Amino acid sequence: MIVKMEPDELITLRVQYLVDTDPLNCTAMYPIPTRAPTYAFASTMPLATQLGTILRLLGAPQRIDDAAIQVYKDGDYGAYLDLESSLAEQSEDIEGLNSSRKNSLVVRTQLSVRVHAIIEKLLSAEGSDLRRALFSLKQVFQEDKDLVHAFVALGGLNCLVRVGNGADQNYQNYILRALGQVMLYVDGMNGVMKHEPTMQWLYSLIASNYRSVVKTALKLLLVFVEYAESNCYVLVSAIHAVDKSQGTLPWSNIMRLLKDYDNADAELVIYATSLINKTLAGLNDQDTFYDETDLLEQQGMESVIQRYMSKPGTDIDLLDQLQLYEAVLKFEDGESDGIRLPDNSVRKTQRYRQGTDTAERRKSRRHSTGANPAVIQSPKKMNTHGVLDEDSSGSTNSTEVSNGLVLDRKSLDSAGVTPGLRRRRERAERHKSFLREQQEAAANGILAALEKRELESDDEQKVLNQLKRDHTVKDLTQKLSNMPTSPTQEKNRIVGDMSGLINKAKEGLAKTKSKGEMSRSSSVDHDIKKTENKKSENELHWEELVRNRTRPLNLCDLDFTDLNSDDEKDLLAPRGLGGGIPPPPPPISGVPPPMLPANMLHPPPSLTNSVNSSLNGSVNGDIGATIKKNKKTVKLFWKEVREDMVSNLIGKTIWDELPAAQVDTQKLEHLFESRAKDLMSKKQHEINKSKEIIVLDHKRSNAINIAITKLPPPRAIKAAILKMDVTVVTREGIDKLLNMLPTDEERCKIQEAQLANPELPLGSAEQFLLTLATISELGARLKLWAFRLDFDNSEKEIAEPLMDLKQGIEILRSNRTFKCILSTLLSVGIFLNGTPVKGFQIEYLLKVPEVKDTVQKHSLLHHLCHMVMESGNETTDLYSEIGPITRASKADFTELAYNLNQLEMECKASWDRLKLISKHDCPPQLQQKLVDFLADCAERIIILQIVHRRIINRYRKFLLWLGVPQHSVSESKPNEFCRIVSEFALEYRTTRERVQQQIEKKANHRERNKTRGKMIIDIAKFKTKEDRADAELKTLLGTPSADTADGTLTWRRKRADNLRSCMSQFTDENYTDGDDEILESLVKTATKAPGTRTTPRERKRTRHADRKSLRRTLKNGLTEEEKQHVAALIKTY
């Protein structure tokens, strides 16, 4: 979408700010000043560049790094503006903002900053400060609907759970109020659904000793499972995780609440049974359903139901929930005997099961007779108190099978106290120990580490189980057998291959006769004869090694073997020499060859709304042809690649192989319209040359004394030099010694002074130089030693840039993104210039970011990224694919060639140095090692030279393929070319990421508006019968429904007022606002309202043949075949 707005247009809007640096201060929701000043925004300038001026105009307290701009319209806070974009790009968000004087753009603290401030306050505050913060948290969420989404996304739920774990019941009530407000929003509910620790904390609160905490937790859990059926599985997973960590059976907290007959609260029991029924109703397969009901039956659910149903005065709602549980269990077991399910049941059909044979179907634990279901997994440790029910009548035996252990039920009541009293004492003790552990963990700062350790242990257990299932031992054996050979084996193989050359090098060192011959050449008059320079022994030996080379082109574990004899051809060499193609004969009388007739040229392509990059084949036509445009556009000043510039040796160039690219010419004509007033002169930046720092030299003695402090004692130095022991003298120490080599004059003066004054000791510097002077051929030893230590690094510094250049050339030749960019840029340039060309010089890529359109002031590279991304091709950011090119751009190939020549000269000089050392006391083993080393170095240097020559020739061939003129190829440096491509690729990646971020921001903004401020009561599932009837009546009468309003606070208050009258007869508590009434209505809807399912639902069938509930399985018993099957399963464990 092109925003038609003049580039210099100013938009005058009112601006205000909020004092929200303390986000928990609820009085900060009114923008100030009351009379908002106006500010003239530049429509095409990013808001971030204008934010500082706005802050100074308003005197706002926000830091520029923490500030954001939000739309304030019609008394409600709207969308946050993107500071990196201009107002012209966000015109939809500010539409109609000047229609009222109360509308403005409000400067406030960014959402992420406020969320982190809230989290920091909750974690650091104590006492009354923490109470005030928790109390105001709910109102903060009410007033700022955008804060809920940010709070959930930035880890606010973790903070609430962490604070709630170590807080008392008052603080927990405040946290539950805030959490309930979060769950009222769709964004908040979605965040809670993805955050299982919140569900675990809510379930753990059911075991609290405080009624208000338990009641609120049950309410929130009911709303949670009622929101979506998938939430039932989330709750079941949380229940298993909490009870497993406590060493009890799942659902133990709820069962403990139901079994507290003496202190039973009718309302809590109704909520608990409703939660059980709602959760089981959301399980769509029989396996999971029977797993959970079996756990409930194992803990005495049947006796609990019988106890409450036989008790006089039981609440009718509780009886309905208990009867619903019984009816659903019988229905799933297939023993309903035609009895219709109650109206409040959400499921009218049996759950899904895999098997079809009714004789083998799984049934409930109650249906069985004393057999423990094989699918129940027992926890690692079991707390017998409060888990086994002493009133259970599910089996006639005097013992109960639980957790794989046979426990005597009579032994549990040996304490002589009532069960209710015992459970209350144990609950109090566990609560005290739990609070004490949490306080100690918080004091030591290890609570986060413990939580992380539990998650890691769970992950490790999952990995072990997966390894057992996948037979990973066999897989690992196969993987290990396919591993490549070790580098040592590869190295030994290479050394073995070059043994012949090493022997030849040894024999060459022993030669003493000169192989040079004197040759004479006669001049034209045969009187003057000149003699040629005699080649040295080293030169002849080097030539012999070059001729007899058999070693493969491998350097530093780098493979150059793909360089063949074709790369030896120098395309820039004279064609008449070196076996090249001879040049054509010159024209007679100097007349140039005739030009092709005009009709032989291709006609210019026709351009419509899209310029097709297939011009590569037809663009070589009439160069003078122009493209018709309605407006004058910006020109691209590039160097054209012409047909006469392409070498005949290279054949096709990259411009002949580019894929087709289409560009929107109307958009280009609008964006790049030439405007005379926008032409700006380029500023000349002064190049500040770094000043050279010149340090004066110290005296000779001072320099030696300073160097001695970093060297070992002189006696150890002499032995280390003779043995070339690198453990004593490092490479840096060798350089210091080379700089301190004593001259003959210094040695003579020291010796004469010592003879003249034998009673006086020598100074430290003089003694050190005299010690060094006693080492024979000291200079040769140190230089040979330095060459030996530096050779590997020198070889690597030469070979790695060559490999990078070779790989970079290969990548660019086959890179789809690079070709697509060139094709699109060529099509854009052809249209803007109005003249078809074959291609352009690659160096123009550096100027692409400098060309800007005259409307939005975006660079040509910005639009190029859009075009390439919209082309539909699978393109990348280019920069991540040309790593070798980037590395090659940092190497100086001129210096590389010089270093290669120096390496050859040093190798030759080292042979002479070795000869000098061999004349003196040199250990034989060391001498043999040096001989082998120099022979190996010579072969490696020869390979380096071959690789360097072939890669440079391949690079020049690549330049010709890119359309570079032949006369410019010889002057082109590889690092300069790589720098051009690398810098362009980096600019392209940066711009592409910015474009992608803008696209994602717009998409997120659209998705955010779908749920922004929307409450879960808008879902039809939570609407009461009165609401649905009212909506149908309004639809019939044509009256707009209140549900179609936006999610503002005003509508929420109206909605709350409508609900207050119909709910006053069902509640006995005082409410502070309408949201509490909304939450209470949702709870009533979940507990009393009949199911909204209109058609029976077919659950996913169980994996067993015919499964029933645990209760039916225990009562009906097992057949002989089933007993054998169970026995076989037990043996497998």
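Is Lys838 buried or exposed? I looked it up in this predicted model: Lys838 counts as buried, at 4% relative accessibility.

**Entry: the Lys838 pair.** I went on to its partner. The side chain of Lys838 meets that of Glu643 in a salt bridge, 3.3 Å from N to O. Glu643 sits in the loop between helix H22 (615-618) and H23, and Lys838 in the loop between helix H30 (816-833) and H31, so the pair ties together parts 195 residues apart in sequence.

**Entry: other salt bridges.** My search of the whole structure gave 44 salt bridges. I picked out Arg731 and Asp790, whose closest N and O atoms are 2.4 Å apart. This pair links helix H26 (residues 731-739), which holds Arg731, to helix H29 (residues 778-814), which holds Asp790, across 59 residues. Arg731 is partly exposed at 25% relative accessibility, and Asp790 is partly exposed at 24%.

I have Arg954 down as buried at 17% and Glu810 as partly exposed at 34%. I also noted a network in which salt bridges with shared partners join Arg551, Asp792, Glu795, Asp936, Glu939 and Arg940.

**Entry: second largest pocket.** I got a volume of about 1600 Å³. Its lining has 46 residues, with Asp82, Gln998, Lys1001, Lys1002 and His1005 nearest the centre. Elements giving two or more residues to the lining include strand S3 (67-73), strand S4 (76-80) and helix H2 (111-124). Which element gives the most? I found that H36 does, with 10 residues. By type, the lining splits into 17 nonpolar, 16 polar and 13 charged residues.

**Entry: helix H28.** Seven of the 10 residues of H28 (residues 764-773) are buried, so this helix is largely enclosed by the rest of the structure. I listed the buried ones as Ala765, Phe768, Leu769, Leu770, Thr771, Leu772 and Ala773.

**Entry: a leucine patch.** Leu1033, Leu1036 and Leu1037 make a nonpolar surface patch of about 360 Å². I checked Leu1036, which is found in helix H37 (residues 1025-1037). Leu1036 is exposed because its relative accessible area, 71%, is over the 50% cut-off.

**Entry: Asp559.** I placed Asp559 in strand S13 (residues 558-559); it counts as partly exposed at 42%. Asp559 and Met803 are 244 residues apart in sequence, but I get 8.4 Å between their C-alpha atoms.

Key:
Residues are numbered from 1 along each chain as its sequence is written. This is a predicted model: local features need pLDDT of at least 70, side-chain atom pairs count only at pLDDT 80 or more; totals for chains, interfaces and linings use all residues. Side-chain values use heavy atoms; hydrogens and water are left out. On a 1 Å grid over the protein atoms alone, a cavity is a set of points where a 1.4 Å probe fits but cannot get out, and a pocket is an open set with protein on both sides within 12 Å along at least five of seven lines; lining residues have an atom within 4 Å of a point. Grid points are joined across faces, edges and corners, and a volume is the space filled by probe spheres set on the points. Helices (H or I, at least four residues) and strands (E, at least two) are DSSP runs, numbered from the N terminus. Ala, Val, Leu, Ile, Met, Phe, Trp, Tyr, Cys and Pro count as nonpolar, Asp, Glu, Lys and Arg as charged, and the others, Gly among them, as polar. Patches are made of residues with over 30% relative accessible area and no salt bridge: like charges are joined within 9 Å, nonpolar side chains (Val, Leu, Ile, Met, Phe, Trp, Tyr) within 5 Å. Accessible areas come from the Shrake-Rupley method with a 1.4 Å probe; for residues, only the protein chains shown count as cover. A salt bridge is a side-chain nitrogen of Lys or Arg within 4 Å of a carboxyl oxygen of Asp or Glu. Buried means under 20% relative accessible area, exposed over 50%, partly exposed in between (1.4 Å probe, protein chains only).
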